[in-house]
Amino acid sequence: HGQMLIRAISTIDSLNRKKRDPLCAAVVYMTCREHKVPRTLDEITEQVHGLLKRDVGRMFLLISKELQAQAARQAHAAKMAASMGPGRARVATPSSADTGPATSASASASASASASPSA
C-alpha cells in the first residue's frame, strides 16, 4: 500500500515540492492505519531526528485531501464516460489512424468498475 501511495503522491505537483521526511512519515502513518497496525504520530516522529509531529500531521491531512480530490476527479470522469455510452466514447490513438477510431469499451468497463463503491 505504501508504494501505491508514493506513486499517487508523485503525480500531485503540490506534494512534489514538499520536504521528504514529513511526506515519508505521513505515508508510513497512512499505511499503518490501512493495515490496522495502529501507530501514533509520536511513535513515528520519534524515529526520525528533527521531525516534528505537526509537520507529519499537516502532511497527512494534505495527502488525504489531495487523494480524495483525485478520486473525485476520476469518479467524475468515469461517470461522464458512462453517460456517453459505449458507442460515443471514442479514443484516438496513433495506431488507430490506420484502422479508424477505436472505441473505449475497455476504458468504459474499467471506469464503471471503478465507479462502484468498494469496501
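Is Cys32 buried or exposed? Keep that in mind as we walk through this predicted model, in which local features need pLDDT of at least 70, side-chain atom pairs count only at pLDDT 80 or more, and totals for chains, interfaces and linings use all residues. Residues are numbered from 1 along each chain as its sequence is written, and side-chain values use heavy atoms, with hydrogens and water left out.

**Start with the whole chain.** Colour by secondary structure and you will find 7 helices and 2 strands; these are DSSP runs numbered from the N terminus, helices being H or I with at least four residues and strands E with at least two. Following the sequence, the order reads α-α-α-α-α-β-α-β-α.

Of the chain's 119 residues, 28% count as buried.

**Next, select the cysteines Cys24 and Cys32.** Cys32 is buried, because its relative accessible area is 16% and buried means under 20%, exposed over 50%, and partly exposed in between (1.4 Å probe, protein chains only). Cys24, at 40%, is partly exposed. The structure holds 0 disulfides, a disulfide being a pair of cysteine sulfur atoms within 2.5 Å.

**Finally, select Thr45.** You will find Thr45 in helix α4, which covers residues 41-45. Its relative accessibility is 9%, so Thr45 counts as buried. What does Thr45 contact, leaving aside its neighbours within four places in sequence? Show Leu51, Leu52, Lys53 and Val56, which are in contact with Thr45 (heavy atoms within 4.5 Å).
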